[in-house]
Amino acid sequence: MSDEFTHATAQDAAPPVRRPSRWALSNWPVGWKVLAIALVPLVLAGVLGGLRIYSGFSTAAELRRAADRAELVPAITDYMAALDSALLATSTGADAQQAVSAFDSRRKALADKLTGTDAVPDVVKGVDAILQGGRQLLDGVSSNSIGLRDRITTYAPILLTAEDAINGSVWVEDEKIRAETLGLSRAVGARGQMMMQQLLVNGGAELPEPELRTSMITLAGTEPSTLFGMSQVLGVGSAEAQKLQEQMVRRLGMMSDPAAVLANNPDLAQSIQVTNEIAGKITADTSASVTAAVESPAPTQLTPAIAAPV
(Lines give C-alpha, C1' and ligand atoms only; values in the text may rest on other atoms or scores of the structure.)
Protein backbone atom coordinates (compact mmCIF):
# COMPACT_ATOMS: atom_id res chain seq x y z
CA MET A 1 0.00 0.00 0.00
CA SER A 2 2.77 2.35 0.97
CA ASP A 3 4.77 1.47 -2.16
CA GLU A 4 1.76 2.02 -4.40
CA PHE A 5 1.10 5.41 -2.79
CA THR A 6 4.71 6.46 -3.18
CA HIS A 7 4.76 5.37 -6.82
CA ALA A 8 1.55 7.32 -7.54
CA THR A 9 2.91 10.43 -5.83
CA ALA A 10 6.12 10.28 -7.87
CA GLN A 11 4.11 9.99 -11.05
CA ASP A 12 1.96 12.96 -10.04
CA ALA A 13 5.10 15.08 -9.29
CA ALA A 14 6.85 14.33 -12.59
CA PRO A 15 6.85 17.36 -14.93
CA PRO A 16 4.68 17.09 -18.00
CA VAL A 17 6.41 16.40 -21.26
CA ARG A 18 6.50 19.60 -23.36
CA ARG A 19 5.89 19.37 -27.05
CA PRO A 20 8.20 21.53 -29.18
CA SER A 21 6.71 24.75 -30.55
CA ARG A 22 5.42 24.55 -34.05
CA TRP A 23 7.78 27.51 -34.80
CA ALA A 24 10.83 25.55 -33.63
CA LEU A 25 13.37 24.96 -36.37
CA SER A 26 13.10 21.20 -35.89
CA ASN A 27 9.39 21.37 -36.81
CA TRP A 28 9.96 23.33 -40.01
CA PRO A 29 9.32 21.51 -43.25
CA VAL A 30 12.40 20.75 -45.27
CA GLY A 31 11.36 23.26 -47.94
CA TRP A 32 11.16 26.12 -45.40
CA LYS A 33 14.58 25.21 -44.00
CA VAL A 34 16.12 25.36 -47.47
CA LEU A 35 14.43 28.71 -48.11
CA ALA A 36 15.75 30.13 -44.84
CA ILE A 37 19.26 28.99 -45.66
CA ALA A 38 19.00 30.81 -48.98
CA LEU A 39 17.40 33.97 -47.58
CA VAL A 40 19.73 34.69 -44.63
CA PRO A 41 22.78 35.53 -46.77
CA LEU A 42 20.62 37.63 -49.08
CA VAL A 43 19.17 39.63 -46.18
CA LEU A 44 22.62 40.11 -44.69
CA ALA A 45 24.00 41.23 -48.04
CA GLY A 46 21.12 43.67 -48.42
CA VAL A 47 21.75 45.20 -45.00
CA LEU A 48 25.47 45.59 -45.65
CA GLY A 49 24.80 47.00 -49.10
CA GLY A 50 22.34 49.49 -47.66
CA LEU A 51 24.90 50.62 -45.11
CA ARG A 52 27.48 51.06 -47.84
CA ILE A 53 25.11 53.10 -49.99
CA TYR A 54 24.14 55.23 -46.98
CA SER A 55 27.81 55.83 -46.28
CA GLY A 56 28.30 56.76 -49.92
CA PHE A 57 25.44 59.26 -49.77
CA SER A 58 26.86 60.78 -46.55
CA THR A 59 30.34 61.09 -48.06
CA ALA A 60 28.94 62.58 -51.25
CA ALA A 61 26.98 65.13 -49.23
CA GLU A 62 30.14 66.15 -47.38
CA LEU A 63 32.04 66.46 -50.64
CA ARG A 64 29.24 68.54 -52.14
CA ARG A 65 29.31 70.84 -49.11
CA ALA A 66 33.08 71.18 -49.39
CA ALA A 67 32.74 72.00 -53.09
CA ASP A 68 30.09 74.65 -52.37
CA ARG A 69 32.32 76.23 -49.74
CA ALA A 70 35.30 76.27 -52.10
CA GLU A 71 33.26 78.27 -54.59
CA LEU A 72 33.57 81.20 -52.17
CA VAL A 73 37.28 81.41 -53.03
CA PRO A 74 36.94 83.00 -56.51
CA ALA A 75 34.37 85.45 -55.13
CA ILE A 76 36.77 86.51 -52.36
CA THR A 77 39.74 86.92 -54.71
CA ASP A 78 37.66 88.93 -57.19
CA TYR A 79 36.38 91.16 -54.40
CA MET A 80 39.87 91.87 -53.08
CA ALA A 81 41.15 92.62 -56.59
CA ALA A 82 38.30 95.09 -57.10
CA LEU A 83 38.95 96.69 -53.71
CA ASP A 84 42.66 97.11 -54.53
CA SER A 85 41.87 98.74 -57.87
CA ALA A 86 39.25 101.06 -56.36
CA LEU A 87 41.56 102.16 -53.54
CA LEU A 88 44.37 102.97 -55.98
CA ALA A 89 42.04 104.80 -58.34
CA THR A 90 40.39 106.93 -55.65
CA SER A 91 43.73 107.68 -53.96
CA THR A 92 45.31 109.10 -57.12
CA GLY A 93 42.47 111.55 -57.69
CA ALA A 94 41.77 110.15 -61.14
CA ASP A 95 38.33 109.26 -62.50
CA ALA A 96 37.58 106.32 -60.26
CA GLN A 97 33.94 105.76 -61.18
CA GLN A 98 34.61 102.62 -63.21
CA ALA A 99 36.76 101.07 -60.48
CA VAL A 100 34.20 101.90 -57.80
CA SER A 101 31.39 100.43 -59.90
CA ALA A 102 33.39 97.25 -60.38
CA PHE A 103 33.97 97.10 -56.63
CA ASP A 104 30.26 97.46 -55.94
CA SER A 105 29.50 94.65 -58.37
CA ARG A 106 32.10 92.30 -56.85
CA ARG A 107 30.95 93.18 -53.36
CA LYS A 108 27.36 92.25 -54.18
CA ALA A 109 28.51 89.02 -55.86
CA LEU A 110 30.47 87.98 -52.76
CA ALA A 111 27.62 88.88 -50.41
CA ASP A 112 25.16 86.86 -52.52
CA LYS A 113 27.56 83.91 -52.68
CA LEU A 114 28.01 83.94 -48.93
CA THR A 115 24.24 83.99 -48.38
CA GLY A 116 23.80 80.88 -50.54
CA THR A 117 26.69 78.92 -49.02
CA ASP A 118 26.76 76.77 -45.89
CA ALA A 119 30.13 78.23 -44.88
CA VAL A 120 31.82 77.54 -41.56
CA PRO A 121 31.15 80.24 -38.91
CA ASP A 122 34.70 81.64 -39.00
CA VAL A 123 34.51 82.13 -42.75
CA VAL A 124 31.09 83.80 -42.47
CA LYS A 125 32.46 86.16 -39.84
CA GLY A 126 35.57 86.87 -41.89
CA VAL A 127 33.73 87.55 -45.15
CA ASP A 128 31.25 89.81 -43.37
CA ALA A 129 34.21 91.72 -41.93
CA ILE A 130 35.92 92.29 -45.27
CA LEU A 131 32.64 93.28 -46.91
CA GLN A 132 31.93 95.89 -44.25
CA GLY A 133 35.54 96.98 -43.79
CA GLY A 134 36.20 97.38 -47.50
CA ARG A 135 33.08 99.49 -47.98
CA GLN A 136 33.94 101.76 -45.05
CA LEU A 137 37.56 102.17 -46.15
CA LEU A 138 36.65 103.02 -49.72
CA ASP A 139 34.04 105.54 -48.53
CA GLY A 140 36.68 107.18 -46.32
CA VAL A 141 39.19 107.36 -49.16
CA SER A 142 36.60 108.67 -51.62
CA SER A 143 35.63 111.46 -49.23
CA ASN A 144 39.31 112.13 -48.44
CA SER A 145 38.53 111.82 -44.74
CA ILE A 146 41.27 109.29 -44.04
CA GLY A 147 45.00 109.92 -44.39
CA LEU A 148 47.63 107.83 -46.14
CA ARG A 149 48.95 105.99 -43.09
CA ASP A 150 45.43 105.25 -41.85
CA ARG A 151 44.54 103.86 -45.26
CA ILE A 152 47.40 101.39 -44.93
CA THR A 153 46.69 100.43 -41.32
CA THR A 154 42.96 100.02 -42.05
CA TYR A 155 43.50 97.95 -45.16
CA ALA A 156 46.07 95.53 -43.67
CA PRO A 157 43.65 93.64 -41.36
CA ILE A 158 41.12 93.41 -44.20
CA LEU A 159 43.79 91.72 -46.31
CA LEU A 160 44.79 89.29 -43.56
CA THR A 161 41.14 88.40 -42.93
CA ALA A 162 40.61 87.72 -46.63
CA GLU A 163 43.59 85.34 -46.65
CA ASP A 164 42.16 83.48 -43.65
CA ALA A 165 38.74 83.28 -45.31
CA ILE A 166 40.29 81.74 -48.43
CA ASN A 167 42.15 79.10 -46.42
CA GLY A 168 39.08 78.42 -44.28
CA SER A 169 36.87 77.86 -47.32
CA VAL A 170 38.87 74.84 -48.48
CA TRP A 171 38.63 71.91 -46.04
CA VAL A 172 40.04 68.82 -47.72
CA GLU A 173 42.46 66.05 -46.80
CA ASP A 174 44.46 66.37 -50.01
CA GLU A 175 47.78 67.99 -49.06
CA LYS A 176 48.39 69.23 -52.59
CA ILE A 177 45.08 71.11 -52.67
CA ARG A 178 45.79 72.60 -49.24
CA ALA A 179 49.24 73.74 -50.39
CA GLU A 180 47.76 75.32 -53.51
CA THR A 181 45.14 77.08 -51.40
CA LEU A 182 47.84 78.48 -49.13
CA GLY A 183 49.78 79.64 -52.18
CA LEU A 184 46.62 81.27 -53.51
CA SER A 185 45.95 83.14 -50.28
CA ARG A 186 49.57 84.32 -50.21
CA ALA A 187 49.23 85.54 -53.80
CA VAL A 188 46.20 87.59 -52.76
CA GLY A 189 48.34 88.85 -49.88
CA ALA A 190 51.18 89.77 -52.24
CA ARG A 191 48.79 91.66 -54.48
CA GLY A 192 47.50 93.56 -51.46
CA GLN A 193 51.04 94.29 -50.28
CA MET A 194 51.91 95.70 -53.69
CA MET A 195 48.82 97.89 -53.58
CA MET A 196 49.86 99.29 -50.19
CA GLN A 197 53.40 99.91 -51.40
CA GLN A 198 52.04 101.65 -54.49
CA LEU A 199 49.87 103.86 -52.28
CA LEU A 200 52.98 104.87 -50.36
CA VAL A 201 54.93 105.54 -53.57
CA ASN A 202 52.10 107.60 -55.07
CA GLY A 203 51.26 109.62 -51.94
CA GLY A 204 54.51 109.43 -50.01
CA ALA A 205 55.32 113.09 -50.60
CA GLU A 206 52.79 114.02 -47.92
CA LEU A 207 54.82 112.12 -45.29
CA PRO A 208 58.22 113.03 -43.84
CA GLU A 209 60.89 111.08 -45.71
CA PRO A 210 62.09 109.06 -42.66
CA GLU A 211 58.49 108.09 -41.86
CA LEU A 212 57.83 107.03 -45.45
CA ARG A 213 61.00 104.95 -45.59
CA THR A 214 60.27 103.27 -42.26
CA SER A 215 56.71 102.49 -43.33
CA MET A 216 57.82 100.93 -46.59
CA ILE A 217 60.57 98.84 -44.98
CA THR A 218 58.15 97.62 -42.32
CA LEU A 219 55.59 96.69 -44.96
CA ALA A 220 58.21 94.90 -47.06
CA GLY A 221 59.29 92.85 -44.05
CA THR A 222 56.31 90.53 -44.50
CA GLU A 223 57.22 89.68 -48.10
CA PRO A 224 59.53 86.67 -47.48
CA SER A 225 56.75 84.53 -45.98
CA THR A 226 54.41 85.60 -48.77
CA LEU A 227 57.02 84.72 -51.36
CA PHE A 228 57.55 81.30 -49.80
CA GLY A 229 53.82 80.55 -50.00
CA MET A 230 53.64 81.51 -53.66
CA SER A 231 56.72 79.39 -54.42
CA GLN A 232 54.72 76.31 -53.39
CA VAL A 233 52.50 76.98 -56.41
CA LEU A 234 55.10 78.26 -58.83
CA GLY A 235 57.69 75.67 -57.89
CA VAL A 236 60.78 76.42 -55.84
CA GLY A 237 63.49 77.62 -58.20
CA SER A 238 61.09 78.27 -61.09
CA ALA A 239 61.68 81.28 -63.34
CA GLU A 240 58.74 83.22 -61.90
CA ALA A 241 59.73 82.40 -58.31
CA GLN A 242 63.24 83.68 -59.03
CA LYS A 243 61.80 86.83 -60.59
CA LEU A 244 59.74 87.45 -57.46
CA GLN A 245 62.85 87.09 -55.32
CA GLU A 246 64.81 89.44 -57.57
CA GLN A 247 62.11 92.10 -57.42
CA MET A 248 61.82 91.84 -53.65
CA VAL A 249 65.58 92.29 -53.25
CA ARG A 250 65.51 95.17 -55.70
CA ARG A 251 62.82 97.03 -53.79
CA LEU A 252 64.48 96.40 -50.43
CA GLY A 253 67.73 97.77 -51.86
CA MET A 254 66.05 101.01 -52.91
CA MET A 255 64.23 101.34 -49.60
CA SER A 256 67.47 100.85 -47.68
CA ASP A 257 69.40 103.39 -49.75
CA PRO A 258 69.28 106.77 -47.97
CA ALA A 259 70.07 108.51 -51.24
CA ALA A 260 67.06 107.01 -53.04
CA VAL A 261 63.93 109.12 -53.20
CA LEU A 262 60.98 106.81 -52.56
CA ALA A 263 58.01 109.06 -53.28
CA ASN A 264 56.95 108.80 -56.95
CA ASN A 265 59.96 106.58 -57.65
CA PRO A 266 59.45 105.05 -61.14
CA ASP A 267 61.81 102.13 -60.48
CA LEU A 268 59.89 101.18 -57.36
CA ALA A 269 56.61 101.47 -59.23
CA GLN A 270 57.92 99.27 -62.05
CA SER A 271 59.12 96.58 -59.61
CA ILE A 272 55.79 96.67 -57.81
CA GLN A 273 53.99 96.22 -61.14
CA VAL A 274 56.09 93.15 -62.07
CA THR A 275 55.34 91.46 -58.72
CA ASN A 276 51.67 92.39 -58.91
CA GLU A 277 51.31 90.82 -62.38
CA ILE A 278 52.85 87.53 -61.24
CA ALA A 279 50.66 87.45 -58.13
CA GLY A 280 47.60 88.22 -60.25
CA LYS A 281 48.38 85.33 -62.59
CA ILE A 282 48.80 82.95 -59.65
CA THR A 283 45.49 84.14 -58.23
CA ALA A 284 43.58 83.63 -61.48
CA ASP A 285 45.08 80.22 -62.30
CA THR A 286 45.10 78.73 -58.82
CA SER A 287 41.64 79.96 -57.87
CA ALA A 288 40.19 78.03 -60.80
CA SER A 289 42.30 74.90 -60.23
CA VAL A 290 41.57 74.71 -56.49
CA THR A 291 37.83 75.05 -57.04
CA ALA A 292 37.87 72.40 -59.77
CA ALA A 293 39.97 70.01 -57.67
CA VAL A 294 37.59 70.22 -54.72
CA GLU A 295 34.51 69.83 -56.91
CA SER A 296 35.72 66.90 -59.02
CA PRO A 297 35.18 64.02 -56.52
CA ALA A 298 31.62 64.96 -55.56
CA PRO A 299 29.60 63.87 -58.64
CA THR A 300 31.27 60.43 -58.87
CA GLN A 301 31.47 59.54 -55.21
CA LEU A 302 28.33 57.37 -55.20
CA THR A 303 29.32 55.22 -58.17
CA PRO A 304 31.80 52.94 -56.36
CA ALA A 305 29.48 52.56 -53.36
CA ILE A 306 26.55 51.39 -55.49
CA ALA A 307 28.45 49.35 -58.06
CA ALA A 308 31.00 47.61 -55.84
CA PRO A 309 30.10 44.10 -54.62
CA VAL A 310 29.40 43.60 -50.93
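# Helices and cores in a predicted model

Visitor: How many aromatic pairs are there, going by ring centres within 6.5 Å?
Guide: The count comes to one aromatic pair. Keep in mind that this is a predicted model.

Visitor: Which rings are they, and how do they sit?
Guide: They belong to Tyr79 and Phe103, with centres 5.4 Å apart. Their planes are at 40°, so the pair is tilted.

Visitor: What does the pair tie together?
Guide: Tyr79 is in helix α3 and Phe103 is in helix α4, so the pair links parts that are 24 residues apart in sequence.

Visitor: Are Tyr79 and Phe103 buried or exposed?
Guide: Tyr79 is buried, and Phe103 is too.

Visitor: What else is buried in α4?
Guide: Besides Phe103, the buried residues there are Ala99, Val100, Leu110 and Leu114. They fall within an arc of 95° seen down the axis of α4, so they line one face of the helix.

Visitor: What is on the face of α4 turned away from the buried side?
Guide: That face carries the exposed residues Gln97, Gln98, Lys108 and Thr115. On the buried side, the cover includes α3 and α5.

Visitor: New topic. Which residues touch the most other members of the largest nonpolar core?
Guide: Ile76, Met80, Leu110 and Tyr155 do, in a core of 61 residues. The largest share, eleven residues, comes from α3.

Visitor: What does Ile76 touch, leaving out residues up to four places away in sequence?
Guide: Ile76 touches Leu110, Val127, Ile130, Ala162, Ala165, Ile166 and Ser169.

Visitor: What about a second core?
Guide: There is a separate one of twelve residues, including Leu227, Val274, Ile278 and Ala279.

Visitor: Now α10. How many residues, and how far does it reach?
Guide: Helix α10 covers residues 239–256, which is 18 residues. From first C-alpha to last it reaches 26 Å, close to the 26 Å expected at 1.5 Å a residue.

Visitor: Which of its residues are buried?
Guide: In α10 they are Ala241, Leu244, Gln247, Met248, Arg251, Met254 and Met255. These cover an arc of only 155° around the axis, which puts them on the same side of α10.

Visitor: And the other side of α10?
Guide: Ala239, Glu246 and Val249 are exposed there.

Visitor: What do the buried residues of α10 pack against?
Guide: They pack against α7, α8, α9 and α11.

Methods: Residues are numbered from 1 along each chain as its sequence is written. This is a predicted model: local features need pLDDT of at least 70, side-chain atom pairs count only at pLDDT 80 or more; totals for chains, interfaces and linings use all residues. Side-chain values use heavy atoms; hydrogens and water are left out. Buried means under 20% relative accessible area, exposed over 50%, partly exposed in between (1.4 Å probe, protein chains only). Helices (H or I, at least four residues) and strands (E, at least two) are DSSP runs, numbered from the N terminus. The arc is that of the directions from the helix axis to the C-beta atoms. Contact means heavy atoms within 4.5 Å. A nonpolar core is a set of buried Ala, Val, Leu, Ile, Met, Phe, Trp, Tyr and Cys residues joined through side-chain atoms within 4.5 Å. The expected span of a helix is 1.5 Å times one less than its number of residues. Rings of Phe, Tyr and Trp (its six-membered ring) pair if their centres lie within 6.5 Å; planes under 30 degrees apart count as stacked, over 60 as edge-to-face and the rest as tilted.
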